[in-house]
Amino acid sequence: MHSTRQIYTFVIGMTVIVALILAGLSTVLKPIHLTNEAVFNKKAILSAVLPGAKDLTDEQVEEQFKTVEQMVLDYKGAIKTKDEVKKLRNFKDKEGKAEDLDLSKEKKRNEKDRLYPLYKFVTDKNETLFITAVRGSGLWDEIWGYIAIKDDFNTIYGTSFDHKAETPGLGAEIKDNPTFPNSFKGKQLYNKDGEFVSVLVKKGGADKTDKNAVDGISGATVTCDGVTDMLKKGLQYYMPYFDTLKK
Amino acid sequence: MAETAIQEKEPLFSSKERKLLTDPLSTNNPVTVQVLGICSALAVTTLFYKALVMSVAVVFVCAFANLITSLIRAHIPKQVRMIVQLVIIATLVTIVELVLKALNYPIYKELSVFIGLIITNCIIMGRLEAFALSNKPWRSFLDGIGNGLGYGFILLVVAFFREIFGKGTLFAGSPAELKLIGKSIPSENIEYMINTAATSGWESWFSWYANNNLMVLPASAMFVIGIVIWVQRSWNKDLVDIS
């Protein structure tokens with residue numbers, strides 16, 4: 001039988017050893033984790049404009065991303081410089097580029113205080129594309145996506161979606177099933193009357209001629225409604241900036 | 001001294017030790033016979049590669065948790081032994097998580113909470129409590145590997161059928177992805193070995209084929225595991241009504 005003192009010594013000793021091992025390992029691997037995460041995000045951004053982005057190696061992703069022009073906007077569509085972003089977000093070792101923004105923290109802010117990242121990408125066919133970032137809520141947790149818009153500032157070129165904890169086979173299909181992000185191609189953000197309506201993810205299937213709606217995923221109504229909501233709320237803050245470019 | 005004398009007599013892999021490795025693969029399988037660890041078996045078996053990574057993680061955690069517990073078994077105070085076991089498992093799982101996050105970030109994202117949930121996998125806790133606390137380190141280590149493999153084997157069998165019939169691929173998510181059957185989309189460089197969209201040639205015989213969406217849902221894993229249990233028990237009648 002162990003005495004109470006022995007138990008305490010054992011437990012405290014064990015905790016200290018375990019804590020040291022894990023803290024050490026975590027510190028050593030932290031830089032690798034951060035690079036991995038950054039490459040993963042860049043891949044997601046590129047997926048909206050390059051169909052084969054998933055199969056690119058890490059180096060290719062970095063190389064490709066160098067051609068992407070980055071901007072940070074506020075809700076009125078004014079461009080924020082790197083120094084302004086740095087000051088607003090208290091960045092110490094980050095440059096204040098669009099990729100440095102933590103979008104899940106931005107989402108928690110008041111809409112008027114948020115900063116909106118925007119990426120400008122030129123394809124090999126010399127088309128200029130604007131990649132916007134949107135973030136919303138699915139059924140269980142956050143969902144987010146990158147929407148590439150053509151330079152008529154109306155037609156969607158491509159999208160990529162991801163999620164934190166949607167149900168595999170149902171809500172998670174927004175990412176896993178390529179048909180869903182592909183169905184947004186060619187859809188339009190404005191309706192015939194020139195009104196901003198964004199794209200509706202329609203339960204039960206959308207009319208093929210409808211330029212402002214795509215088919216929903218059966219069994220994932222809440223996630224699909226989340227996507228609709230996310231697109232409408234997220235994209236409207238990019239419109240003021242696009243309006244200035246139209247002129 | 002007596003202990004070393006016995007060890008010298010016994011080879012490293014006597015028939016007893018071999019049984020520790022092979023039993024959990026068949027007659028004492030943790031999933032199909034003891035019916036443990038079902039939760040994660042349903043969740044991570046949609047893709048073969050995912051199941052493979054999960055299996056390797058469980059073998060590692062199970063083997064080393066058994067080994068460490070067995071090494072310090074004389075010093076673990078009885079009153080807190082469960083908590084000590086839990087801390088050992090949790091530490092190993094966190095190590096797996098950190099290493100996986102550094103080695104392969106996409107698959108880490110894919111498995112997300114299920115790596116963390118290895119902590120609550122009752123197979124591991126059960127082996128520590130039932131075996132490692134009362135056996136020598138080497139035997140415990142083998143027992144851990146055996147049970148990890150027994151779990152992993154079933155996981156791979158289930159994932160094999162679910163991925164082929166649910167998605168028409170094998171090893172999706174890894175660089176060695178095989179696209180077996182489905183509609184090829186040339187404009188996006190998606191090409192399947194059996195192209196169901198083909199209009200001529202032998203491939204057009206498969207134009208009726210569509211992926212079975214049920215196989216992607218967790219419920220199908222239940223059916224597949226059920227079938228595996230059924231096959232195993234009609235093979236080995238001794239197992240009937242054991243659990």
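**Figure 1. A:Val28 in helix H1 of chain A.** In this predicted model, A:Val28 belongs to helix H1 (residues 4–47) of chain A; helices (H or I, at least four residues) and strands (E, at least two) are DSSP runs, numbered from the N terminus. A:Val28 counts as exposed because 11 C-beta neighbours lie inside 10 Å. By definition, a residue is buried if 20 or more other C-beta atoms lie within 10 Å of its own, exposed if 12 or fewer, and partly exposed in between, with C-beta atoms placed from the backbone. From A:Val28 to A:Ile149 the separation is 121 residues in sequence and 40 Å in space, C-alpha to C-alpha. Residues are numbered from 1 along each chain as its sequence is written, while chains are lettered from A and ligands numbered from 1 in the order in which they are written. Because the model is predicted, local features need pLDDT of at least 70 and side-chain atom pairs count only at pLDDT 80 or more, whereas totals for chains, interfaces and linings use all residues.

**Figure 2. Two residues of chain A with positive phi, A:Asn90 and A:Phe153.** Most residues other than glycine have a negative phi. A:Asn90, although not a glycine, has a positive phi of about 55°. The loop between helix H3 (82–89) and helix H4 (103–108) of chain A holds A:Asn90. With 7 C-beta neighbours inside 10 Å, A:Asn90 counts as exposed. A:Phe153 is likewise not a glycine and has a positive phi of about 55°. Its place is the loop between strand E5 (142–150) and strand E6 (156–163) of chain A. A:Phe153 counts as partly exposed, because 16 C-beta neighbours lie inside 10 Å. For the setting of both views, chain A has eight helices and eight strands, and its C-alpha atoms fill a box of roughly 80 × 45 × 35 Å along the principal axes. Of the 247 residues in chain A, 29% are buried.

**Figure 3. Packing of H4(B) against H5(B).** The axes of these helices come within 9 Å and cross at roughly 140°; axes are lines fitted to C-alpha atoms, for helices over the stretch in contact, and angles run from 0 to 180 degrees between N-to-C directions. H4(B) is therefore oblique to H5(B). Angles under 35 degrees count as roughly parallel, over 145 as roughly antiparallel, 65 to 115 as roughly perpendicular and the rest as oblique. The crossing of H4(B) and H5(B) is right-handed; a crossing is left-handed if the near helix is turned anticlockwise from the far one by less than a right angle, and right-handed if clockwise. Residues of H4(B) in this contact include B:Phe60, B:Phe64 and B:Ile68, and those of H5(B) include B:Ile88, B:Leu92 and B:Val96. Two residues are in contact if their C-beta atoms, placed from the backbone, lie within 7 Å. By class, eleven residues of the contact are nonpolar, two are polar and none is charged. Ala, Val, Leu, Ile, Met, Phe, Trp, Tyr, Cys and Pro count as nonpolar, Asp, Glu, Lys and Arg as charged, and the others, Gly among them, as polar.

**Figure 4. Packing of H4(B) against helix H8 (residues 122–130) of chain B.** Here the axes lie 10 Å apart, at an angle of about 25°, which means that H4(B) is roughly parallel to H8(B). H4(B) passes H8(B) in a right-handed crossing. In H4(B), B:Val61, B:Cys62, B:Ala65, B:Asn66 and B:Thr69 take part, and in H8(B) their partners are B:Ile123, B:Ile124, B:Arg127 and B:Leu128. Six nonpolar, two polar and one charged residues form this contact.

**Figure 5. The side of chain B that touches chain A.** In the interface, 19 residues of chain B are in contact with 21 residues of chain A. Helix H5 (81–103) and helix H6 (105–111) of chain B each supply at least two residues of this side of chain B. H5(B) gives the most, with eight residues. The side of chain B that touches chain A has eleven nonpolar, six polar and two charged residues. For the complex, the predictor gives an ipTM of 0.78 and a pTM of 0.80.

**Figure 6. Confidence along chain B.** The mean pLDDT of chain B is 85, and 93% of the residues score at least 70; pLDDT is the predictor's confidence in each residue, from 0 to 100. Among the elements of chain B, helix H4 (residues 48–71) has the highest mean pLDDT (94) and helix H1 (residues 2–9) the lowest (48). Residues 1–7 of chain B have a pLDDT below 50, and this stretch has zero contacts in the model beyond near neighbours in sequence. Where pLDDT is low, the predicted coordinates should not be read in detail.
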